[in-house]
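This briefing walks through a structure by topic.

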Amino acid sequence: MASHGFWSLGGDNAGANPGSQSPSATRAWCQAAAQKLSGGIGSKLCALLNVGEVEKAAEPGSAKEPPPPATTTTGDCGCNKSCNCTKASVGFSDLYSTDLLPAMDGDAKTMTFLQEVVDILLAYIVESFDRETKVIDFHYPNELLQMNNWELQGEPANLDDILISCRATLKYAIKTAHPRYFNQLSTGLDMVGLAADWLTSTANTNMFTYEVAPVFVLLEYVTLKKMREIIGWTDGRGDGIFSPGGAISNMYAMLLARFKMFPEVKEKGMSSVPRLVAFTSEHSHFSIKKGAAALGIGTESVICIKVDETGKLIPEDLERKILEAKQKGFVPFFVSATAGTTVYGAFDPLIPIADICKKHNIWMHVDTGKDHVLFVANDDDIGAWGGSLLMSRRHRWKLDGVDRQVFPYFLQKHKHKKLMRCSALLIREEGLMQNCNQMHACYLFQQDKQYDLSYDTGDKALQCGRHVDIFKLWLMWRAKGTIGFEAQIDKCLELSDYLYNKIKDREGYEMIFNGTPQHTNVCFWYLPPGIRYMEDKEERKKHLHKVAPVIKARMMEYGTTMVSYQPQGDKVNFFRMVISNPAATFEDIDFLIEEIERLGQDL
């Protein structure tokens, strides 16, 4: 397939990967890049593409010297025009981190060093979107350890070595932005989101008080309020907080549910409360049990509810097990429904579950798993799949019941992890998080500050130091608008429909369950010709279990694409395709199908 994008700079070699050309072709491409890109970026792209040569020279026992930095005929600094910049006079082999700011006269050296780093990053970004490049340059762990010197030393490395390490790290990194990377939901790369990450790291502050993060605290405030308005809560009232990910948000929900029912547990511990039990789907995310273990409730106190063929929780089994738990003297306090399960992408029937929770006075939590979006609700409130789907007019119907006052955990990562790598826990009851978690640390949360203390959010969080997760989402939302998010979400669902319709009746493919996928998850087996007509069902099952792992391994070794697989219950290993990469196209879906067949033809 022809490459789309940057390699067209190469004139006659347009569409080719310069890394796969002859040295003369590579030099020609670099010259074209140097002419068309400012700031020496073209030269840095060439340097990055030659990183393998640099690394070989750095290997112990290698006699080959690393190649000199690529330059143009107009100067020694790498710029494509005459200039007075300091690059020409800076040799990184003689510089160390101690020469950079805040060292005396370190500003020029710092700027030059950081420009080199930025050039490396920009080259990697451009390469990541080129379909002619590998998704991964795979090596086994022992090989990768031997190929590079990753050991920490007592003596400092010079900045030249630091730059080599930066290039090597990206060379062997997974290109999660690659249009053919489908391995998990953490796929794709948003340029505005990336800029926000860079700015956040540069600001290098913390989210526990307004005084150390005034803008970020306000952005979190307005974003959470906007999210609550989308849910449908009056005037966006309620509370919430951003957390590092879905597992932590799940634990937050369980923690709040326990505190709501038994506030004395905060001071007196689990010995002061009866035996608590929680309920969740057989297909729920493992973080529900992990949260129960961390909170001292115990994994045996998490009761799994049966699901139907498509992975949806069966409400009748939920109520039956709640009644059984009460008869044994246990206290049901928490039900975790799932809206968009990790594997099948199934949506539990939220309204019937909410009715059961209301009847038995149990906190309801709706979790889309660590890779999706989560909601929590309490008493007569209902949670609903959310996050990204709330922004889609075409697919919002899957959230029926969201108007019944959910307490949600909302958008995650780029990618929800679709939108960004963070989670937002939203709750309707103001003050509950504060009462549950506050410890009144006077050295941080003084009560005589000159501003409104409600903006000091650290005391309602489990963490003390809290990373600034908000800016990435806020800036992306600002750049795309809700309508832009809607288009991105609809596109991913359209691609999943395309994949399903293309393989459901295709020879060699078998769907895991009947019916169209409920979300972007498409689960299927590929049956190579050698096992399609096996009459012995057990033998066929045994062979089929090995197919997906072998094809996945070959994908990684060739570097052409990546897609995840797993077993589920009594079903042997199958492919789980989750589409969330904004760069993916119909042609990339076609490529994936063809690649699975090519790599599995002989199995």
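Tyr210, Tyr221, Tyr451 and Tyr455 are joined into a cluster by ring pairs. The model is a predicted one, and its structure holds 16 aromatic pairs.

**Aromatic pairs**

- Phe216 and Phe471 form an edge-to-face pair, because their ring planes stand at 70° with the centres 5.7 Å apart.
- Phe216 belongs to helix H8 (residues 214-231) and Phe471 to helix H16 (residues 470-503), so this pair ties together parts that are 255 residues apart in sequence.
- Phe216 is buried, with a relative accessible area of 8%.
- Phe471 also counts as buried, at 9% relative accessibility, where the cut-off for buried is under 20%.
- Phe471 has a further partner in Trp474: their ring planes are at 20° and their centres 5.9 Å apart, so this pair is stacked.
- Both Phe471 and Trp474 lie in helix H16, three residues apart, which is about one turn of the helix.
- An α-helix has 3.6 residues a turn, so residues three or four places apart point the same way.

**Charges over rings**

- The charged end of Arg275 sits over the ring of Phe330, at 4.6 Å from the ring centre.
- Arg598 has its charged end over the ring of Tyr558, 4.8 Å from the centre of that ring.

**Helix H11**

- Helix H11 spans residues 287-294, and its buried residues are Ser287, Ile288, Gly291 and Ala292.
- Seen down the axis of H11, these buried residues fall within an arc of 145°, so they line one face of the helix.
- Lys290 and Ala294 are exposed, and they are carried on the face of H11 turned away from its buried side.
- Gly296 follows H11 and has a positive phi, near 80°.

**Confidence**

- The chain has a mean pLDDT of 82, and 76% of its residues reach 70 or more.
- In residues 78-82 the pLDDT is below 50, and this stretch has 17 contacts in the model beyond near neighbours in sequence.
- Residues 369-387 also have pLDDT below 50, with 126 contacts in the model beyond near neighbours in sequence.

Methods:
Residues numbered from 1 in each chain as written. Predicted model: local features only at pLDDT ≥ 70, side-chain atom pairs only at ≥ 80, totals over all residues. Heavy atoms only, no water. pLDDT = per-residue confidence, 0-100. Contact = heavy atoms within 4.5 Å. Phe/Tyr/Trp six-rings, centres within 6.5 Å; stacked < 30°, edge-to-face > 60°. Helix = DSSP H or I, 4+ residues; strand = E, 2+ residues; numbered from the N terminus. Buried < 20%, exposed > 50% of the residue type's maximum accessible area, 1.4 Å probe, protein only. Lys NZ or Arg CZ within 6 Å of the ring centre and 35° of its normal. Arc of directions from axis to C-beta.
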